[in-house]
Amino acid sequence: MSDLMPDARSPDTLPSTHSATAPPAHAEERVQRSLFGEILDWMLVPLLLVWPISIAITYVVAKSIANQPFDQALDDSVMVLSQQVIETNGKVTTRLNGPARDFLRADDIDNVYYLITDAQGRIIEGDRDLIMPPENALDDATHPGTVQHRDTILHGADVRVAYAYVDLRSVAEVNAMATEKIAPRTALVQVAETLEKRARLANAIIKGVILPQFLILPIVLALIWFALSRGLSPLSELQQRIRARRPDDLSPIEAGQVPEEISPLVGSLNDMLARLSLSMQTQKRFIADAAHQMKTPLAGMRMQSELALRQTRQEDIHRSLEQLAKSSESATRLVNQLLSLARAENQSQENAPFVQRDLSEFARNVVQDWVQASFTQRIDLGFEQAEQRLPVLCNPLMLRELLGNLIDNALHYTPVEGSVTVRVRAEPQTGMAEFAVLEVEDTGPGIPPAERDQIFHRFYRILDNRSSGSGLGLAIVREIALQHEAEVTISYNPRSTDPEMPGSLFRVSLHLLKTAEADFR
């Protein structure tokens, strides 16, 4: 059959590799950022945020630590002062003398205040400005001797207050009241001091903790900078190794010399280099084959032109010019098919989006273009249309090229008075998928099964085939089928009755779209 080309996967089947779906939208171009700066940001920003929080927590802890010894000192003062409170003839008094009062207030930094009141709130002795505890603290009166603390303001300054209720009953009275449930007689003792010493101690603790951090922080930043530089140095080394390569060096990059985290990147790069190397080898082989194939028609044209120049008889000159015209036609056909093959191999959905077409209507229009050629060759060209519409997603220009090459191939190898039939039908498959089938059958010599795995190769021609051709037509069919995820199968013509001319049947199966999704143009 026509110009012949191979499927490297199976003798009779050719799947495609391109999706027929609409191309994805281009993602927004991202601003290039430094990996070093990215890692540094994610390390330093949290560090700079956490550092003030740590200072605040340290200050709270320092205040708590500073309060403990001074609260204990206040508790001791309250207990000592409580021991000086007595009840005489039902009246609460104290045994404090002048030196004891001076000792109680003796403090070079803070101001110390105290106040003693009886159970009715009458002031016995001390600073009248020191307010009473809140009402809910009165419950502490049922637990005499327990020292409590609170914070308040006195003379415009914050003060810390320790207070306790003093039990004024004797032991006999306590036992009697336990049975008779008589209310206890108590006095309230309060001692307060300002918070200057506490603040100084807390600040000293903060300074002791924070100041070393100011010295350590630059060292930490320098170590982080150095560690990142050292950790990212393999990337710089890999960059230098790639830049030092020759332009034609597509050998794999040694993955053993890079860190484990970069190995997947290097592996992907090696895969790309392997594909690029294969593509370049294919292009070189294509160019070499094309140059070799072009030599024959060009050499024939040159020979015929030189022969025509040497002829003197008009008949001989005319014969040479006819041969020259045939060689020119062969060269033109070869060049056109080379260009078609190059266009088919480089076509993609990005530069030529797929659209929906009715395969029956599409194939009928293509067949009409070949009717005149079939008349010239005295071959019966027929078309059998499907009973229903068969919507497919395709590149119309490329699909027209595919069907045109199949028809040209069939006409080229079918003898005079033979027939070529183009048929479109639906083929349900198991499961949900259905296919629109495009068939081209002829009554030519047919293709032996042993040859069917080779005919899609570039410039391949069946041995002992006397028909002329470049061997590129089916190569173009394969490339276009790959783009459409189509399947191409080859068999003998089941309708042929001549054992010497079994004919060929080319079947192209395209994915059929659901009718509801079709949008014909």
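Two exercises with worked solutions follow, both set on a predicted model.

**Exercise 1.** Determine how many aromatic pairs a search of the whole structure finds, and classify the geometry of the rings of Trp-51 and Phe-214.

*Solution.* The search of the whole structure returns one aromatic pair. A pair of aromatic rings is described by the distance of the centres and the angle of the planes. For Trp-51 and Phe-214 the ring centres are 5.1 Å apart and the planes stand at 80 degrees, so the pair is edge-to-face, given that angles over 60 degrees count as such. As for its place in the chain, Trp-51 belongs to helix H1 (residues 35-82) and Phe-214 to helix H4 (residues 196-231), so that the pair links distant parts of the chain, 163 residues apart. Phe-214 is partly exposed, its relative accessible area being 47%.

**Exercise 2.** Work out the strand order of the open sheet of five strands, identify which strands stand at its edges, and find which helix packs on the sheet.

*Solution.* The order in this open sheet is E9-E11-E12-E14-E13, and the pairing is mixed. Strands E9 (380-384) and E13 (487-492) each have a single partner strand, so one side of each is left without a neighbour in the sheet, and these two stand at the edges. From one strand to the next, the twist averages 20 degrees. Within the sheet, E11 (residues 419-428) and E12 (residues 434-442) run antiparallel and are joined by nine bridges, with Ala-426 standing opposite Ala-436 in E12. The helix that packs on the sheet is H8 (residues 359-369), which touches E9, E11, E12 and E14 (504-511), and whose direction makes about 165 degrees with that of E9.

Definitions and conventions. Residues numbered from 1 in each chain as written. Predicted model: local features only at pLDDT ≥ 70, side-chain atom pairs only at ≥ 80, totals over all residues. Heavy atoms only, no water. Phe/Tyr/Trp six-rings, centres within 6.5 Å; stacked < 30°, edge-to-face > 60°. Helix = DSSP H or I, 4+ residues; strand = E, 2+ residues; numbered from the N terminus. Buried < 20%, exposed > 50% of the residue type's maximum accessible area, 1.4 Å probe, protein only. Pairing = 2+ DSSP bridges. Axes fitted to C-alpha atoms, helices over the stretch in contact; angles between N-to-C directions. Contact = heavy atoms within 4.5 Å.
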